[in-house]
Amino acid sequence: MHEEPTQQLSLLLIILFPLAGAAINGLFGRRMPKGLVSFLGVGAVAVSFVLAILSFISLFGMRSDGVHEAALTYQFYEWFSLKMPSGAEVPINVRFLMDSLSGVMTLVVTGIGGLIHLYSVGYMSEDDGYARFFAYLNLFTASMLILVLGSSLPVMFVGWEGVGLCSYLLIGFWYENREYAAAGRKAFVANRVGDFGVLIGMFILVGVAGSFEFADINDVALSGGFEDGFPAWPFAAVPSLATVACLFLFLGCTGKSAQIPLYVWLPDAMAGPTPVSALIHAATMVTAGVYLCCRLSPLFISSDVAMAVIAVTGTLTALLAATIAVTQHEMKKILAYSTVSQLGFMFAAVGVGFFAAGFFHVFTHAFFKACLFLGAGSVMHSVHAHGDADIYKLGGLKKYMPITRITFLFSCLAIAGFPFSSGFFSKDEILLGAAAQAFRDDDPLMVGVGWFTLIGLTLGAIMTGFYMFRLYFLTFTGEYRSAEGSGDGHGYDAHPHESPPSMSIPLIVLGVGALIVGFLGIPHIAPGFGWHLDDYSWWGHWMEASVAGHELPEDLFVINLASGLALMAMLIGIGAAWVLYRNKSTDPIAEKAPKRVYQFIFDKWRVDEFYQAVIINPIKSVATVIGRSDLTFVDALLTRLPSLNARGLGQILARFQNGVVQTYGMVVVVGVAAVMAMFWMPRAQVEGQLERGNLQLVASPGLGYEYRWDANSDGNFDGAWSTERVYSPTYDAGDVRETVLYVRSPRTGASHHFELTEEWEVLPLDSLDPRWRRAKNTLPVAARLHEGGVQLRLNGAKKFGASDSPELLDLTMGRGTAVENLLVVPRQKIVATVEVRNAFGNVATASRNMILPDGYLPQPHAALVGEKEAQP
Amino acid sequence: MMTHTLTWLLLVPLLGSLFILIMPKQNEGAIKGASLLIMLGEFLLSLRLLWADYSTAGYRFVEQVTWVESLGISYKLGVDGLSLWLVLLTTALTPVALYASWGGVTTRIKEYAFSFLMLELGMLGAFVALDLFLFYVFWELMLVPMYLIIGIWGGKDRVYAALKFFIYTFVGSLLMLVAILYIVNTYEAIAGYYTFDLEKLTTLVLPAVPQYLLFGAFAVAFAIKVPMFPFHTWLPDAHVQAPTGGSIVLAAVLLKLGIYGFIRFAMPLFPVASQVIGPVLAGLGVLGIIYGAYAAWVQRDLKKLVAYSSVSHMGFILLGLFAMNRHGVSGAILQMINHGVSTGALFLLVGVIYDRRHSRMLDDFGGLAKVMPWYATVFVIVTMSSIGLPGTNGFVGEFMILAGSFFSRGTVGFGNTWFVMTLFAATGVIFAAVYMLHAVLRMFWGKVTHEENEGLSDLNRRETIALIPLVALVFWIGLYPKFFLDKMNPSVDAFITDFSVRYQESRGVSNPRIVGLQAIDPTDGGAYAWADDKGDER
């Protein structure tokens, strides 16, 4: 279903509305009233959301009508095109496509994104850059929509880098704080490193598939087009094209979706206003990597190596980030590491081949993570914390902020995987996927990966429950630690209050969503006794059309194992937090754990410092050396050195201009002597030329020269001395000294005169045309002088145009004949001599070999030109 | 008038400069207005070039008049898809540069306007000349006004910079002149008459060794102009010292002549040498990408930073050009326009802040976004274009160039030099973000740390008017490059086909000859055409 007959304009409009909102608010927002800015900013996304719902409904309708690969498309225009080595034009179309995958994603982006816009109306109401903020937010949404709806890699890449730009602008939104701005830059550069991978991966894909469209690439992947080995690979174990392409693409995913090694930007991204964090972490940006993997799932699944790398990376990231989250003090920071960790879960699901499960976690995560961030924002708004809020200065907020508290609790339950909340279903499916791989019997690599993932993710899930409820208990239970009279006086506002409706309504919607949206993914076999609830989970059925992946297992043991582990992890995590932190105000872990280890983890495993020391500083040093040496070393080599040379030469020459007359006189004498010496002996030289069909010999001119000619060099001069330097002789057969064979290759333009004898001699024709030997499997051609003419022995080579090959071929003097692709002409050579006498009476002689023009004997008609100069 | 568009295109700045010469010196306002009007008229006139059919290759608006008959020198002009956009870039950017200059240039207004018009004449002439002699004349002609612009209206070390610029470029040009004379002479030896006509000279097939030497001579001249690493050291000096307008024209147009020289002259004339040495130059381009980016990163002078970023960007263009496939070459030409627009705009923006603060040192700034919000906005937009963010012009060019290099020799793999070069070149995308965002961070973000910066005024009307067309082009090329590519692609296709044909013709040749001419080979002893031999057989 690559070509859709009808153009769905709504797809374009979904993108254009936020884009227009961004343009208007960005250009004129500063002069518009705040109400209008909010109306445009929120309204644009709201309209997009409505359009997205309408499109989704018609998509849904198509599916219900039995169209399996239902999709809506809109072809906007051709952006540009590439011409592949095969000569085929590969167009890059600005084309949008909504199928089951991008449809869901569009709803999430516009829906949750819209709620975040609404929330920002209240949250940002007192900020100076209100209009700017909404412009960025709208641009962010538009970029994400381009990313999601783009039907080809380059168009997706526009959105991909677009969200990178917007995150740069939004993280650094409060640019007056230079550290915030630096965090924005870090995000952009880390993303750029990933974009480099996407770019290269994209080239490999288009090189093989001959198309940038996702659908075409997936078709090629399904038909095994990427299974060939990667060409020109320097090592023994050759990876498949799919592996190399997927790993490059995955590098991009680690940048955008904050996985090891490029995750470091995301925690710093807290510098932005809280709605931005919600937008980045929940609805947009970080989900892009998972989205890309799902979009190209047939490609990814065709490379076991890449899948294993993804699963292991995801698991490690999930663990690493979870350990850091356990130790942090600040709300947004904990949530940020929680996002990194949850993204690890999603990639682990992708890596074990359960794309739909990974994407289901994207979907549920969007609800609870948005709610958590907005809840954190609501807390910060209420206690007037700027930047971030230290949970040890909070506590007991459930009294003051009931709505925030209850929605926050819902989301914590969901992320921890409390039964029947959304996270329960999605996390369960991921563990199920890992378990399914662990119990495979055909592929030892994937079995290992499966066990690693299963155990790692279970540990991760335990920590998830733990750190989330640590956050919840320390924030909402116990006593408020910044109340008047408590703490050290560096706390927050003493009178927290519930946030305005524009902020609490999104919280309620998202909190409820966090609880219930998981029911879309109720598995078809319930754990425990194995009830068949339905033929299929709704989610799996819906996604199946656009996402590849393994079948979920039917084995009850595997299902029960995964569910049991998930349930156990949740209970241990929440239970431990309950014991340690409920109504408490201190951190027992920080007190009990070995100081060094705790500090190391608290310092985020010192990864930033590691990168600084191992990557950034060396590059910076090289850059400094280059920057310094460019104008000293390189410039010195290319400008100062030559200029010094010139100056030095000038100084040497200047020595002679010293004004000493004796020196000048000396120079004059030497000069005169040199000139005299030159005139003492005459200079003899002969040239041949053709003047109106007559052969002429021309001797070099000179003052007072006289000439005497011997045209055939028989020793007898043809006449007396004369001053005429041009001489027109006539030659006959008796004057001919030698017969030579001229051979020329018209293809290469190379030619040669071969000297012949009475004996057969092989002609080295290869030197004229390298193809001669390769093309003709013949014996070499030989030539000899025979009865005053030239005879060739062809040895199987063909006379041009003749069908048979005579063994011997007599050539006519001066007449060209074609042998295969070479031209052969026998020619005759004479020797001309001139004697020159100057005024001093000195005599010089010059002789020259001349080849007579073709056909000169018997009919003269062509040019006479010298061949080799004989010594005078 | 319509029949001699190109001649008029050259006459307008020439007559215009003469007109400026007779205007009274004191009347500066009138001189400014008149020179700008002349250039705008020139721009409108150049739009006429768009009204031609570029769907096939070949020269349009060709004019040919014999100049020196005995030496075969003719006044021959023409444009095709390769030069069309460069001509338009020149006519569009020169008025912008002149207009932007009036912030910093306050003395000798008349001479400045005169120099600018002469400069425009030289640049346009070099782009449209199809006769090697004529090309050389224009090539040298533009050197003089640029020398004056840097040397008279430049900064503190202007004389050194101007001299360095002049000598550096001139040395390269002289080598090229020698090479041109050699070709013409060789042609004469075979054909029996002299000609400087490019189309005739490209039929001359030379053996490998002279090709290498001659290509080397041309390449040095062009590589200096580009500038290609390691011949780039004149550029930072020239840029830092040149007045804003000079920097804009230097970056936007003058550097392009180097690349254009490769496309129009060096590569068609010496296909074998291009094929062999081309990858080396592409490799130097890649080196330049990284080297320029590194050097840019540690600069403290904003203008120097932008100058080194030019070295990096021009490296991309070299890479695309020598990839010798459609998207590589088209991408290179498009990227020339892009670089002209974005780097031109960057120099303009540097000029804006220099006019206000008389400093370009990054240490002297910080927090300007608060003080000059529109300035910051435009700066960030142009930065994104320079970085190559999709949706802006830079992306399309870089994408095409990288794709060109990636697919340059068919196969892909780590054993393939082009693949490895593509990988390294693509890291330039990362470093571009590093150094440009470094500059943005130091300039605009943070608090205003210097009191002098607090009262700075935002973009004024003149600067805004000068910037608007550039920003519009950033998005136009970024979003709808097809408009530009469609006009150049047929010519690029033909360029590549012709190149491979000529390459085949001149491979393994041991004596010079002329394709399509009955060769009179000096050692042949007489002409003998292959066609005649077939006749003999019958």
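Which residues is A:Ser152 in contact with, leaving aside its neighbours within four places in sequence? Select A:Ser152 and look around. The partners are A:Asn93, A:Phe212, A:Glu213 and A:Phe214. Contact here means heavy atoms within 4.5 Å. A:Ser152 sits in the loop between α4 (130-149) and α5 (153-171) of chain A. Its relative accessible area is 1%, so A:Ser152 is buried. Buried means under 20% relative accessible area, exposed over 50%, and partly exposed in between (1.4 Å probe, protein chains only). Helices (H or I, at least four residues) and strands (E, at least two) are DSSP runs, numbered from the N terminus.

Before moving on, some ground rules. This is a predicted model, in which local features need pLDDT of at least 70, side-chain atom pairs count only at pLDDT 80 or more, and totals for chains, interfaces and linings use all residues. Residues are numbered from 1 along each chain as its sequence is written, chains are lettered from A and ligands numbered from 1 in the order in which they are written, and side-chain values use heavy atoms, with hydrogens and water left out.

**Stop: A:Ile112**

Select A:Ile112 next. This residue belongs to helix α3 (residues 100-123) of chain A. A:Ile112 is buried, at 3% relative accessible area. Beyond residues up to four places away in sequence, A:Ile112 touches A:Leu107, A:Ala283, A:Ala366, A:Phe367, A:Ala370 and A:Leu510. From A:Ile112 to A:Ala44 is 68 residues in sequence and 14 Å in space, C-alpha to C-alpha.

**Stop: the two chains together**

Colour by chain. Here 84 residues of chain A are in contact with 85 residues of chain B. Between them the chains bury about 7,500 Å², 67% of it on carbon and sulfur atoms. Buried area is the accessible area (1.4 Å probe) that two parts lose on being put together, summed over both. Pick out A:Tyr175, A:Arg192 and A:Phe203. These three supply 9% of the area that chain A buries against chain B, more than any other three residues.

Keep A:Phe203 selected. It is one of the members of an aromatic cluster, which also includes A:Trp79, A:Phe80 and A:Phe212 from chain A. From chain B, the cluster's members include B:Phe395, B:Phe399 and B:Phe419.

**Stop: rings**

Across all chains, a search of the whole structure finds 82 aromatic pairs. Rings of Phe, Tyr and Trp (its six-membered ring) pair if their centres lie within 6.5 Å; planes under 30 degrees apart count as stacked, over 60 as edge-to-face and the rest as tilted. B:Phe127 lies in helix α4 (residues 109-128) of chain B and B:Tyr260 in helix α11 (residues 244-269) of chain B, so the pair ties together parts 133 residues apart in sequence. Both B:Phe127 and B:Tyr260 are buried.

Now two rings with a charge. The charged end of A:Lys34 sits over the ring of A:Tyr130, 5.1 Å from its centre. A:Lys427 lies over the face of A:Phe345, 5.2 Å from the ring centre. A charge sits over a ring if NZ of Lys or CZ of Arg is within 6 Å of the ring centre and within 35 degrees of the ring normal.

**Stop: cysteines**

How many disulfides does a search of the whole structure find over all chains? The search finds zero. A disulfide is a pair of cysteine sulfur atoms within 2.5 Å. Select A:Cys293. The nearest cysteine sulfur is that of A:Cys253, 3.9 Å away. A:Cys293 is buried, with a relative accessible area of 0%.

**Stop: backbone in chain B**

Select B:Pro227. The peptide bond from B:Val226 to B:Pro227 is cis, with omega near -10°. Then go to B:Pro230. The bond from B:Phe229 to B:Pro230 is cis, with omega near 5°. B:Pro227 is in the loop between α9 (208-225) and α10 (234-241) of chain B, and B:Pro230 is in the loop between α9 and α10 of chain B. Most residues other than glycine have a negative phi, and most peptide bonds are trans.

Last, select B:Arg108. Its phi is positive, about 50°, although B:Arg108 is not a glycine. B:Arg108 is in the loop between α3 and α4 of chain B. At 49% relative accessibility, B:Arg108 counts as partly exposed.
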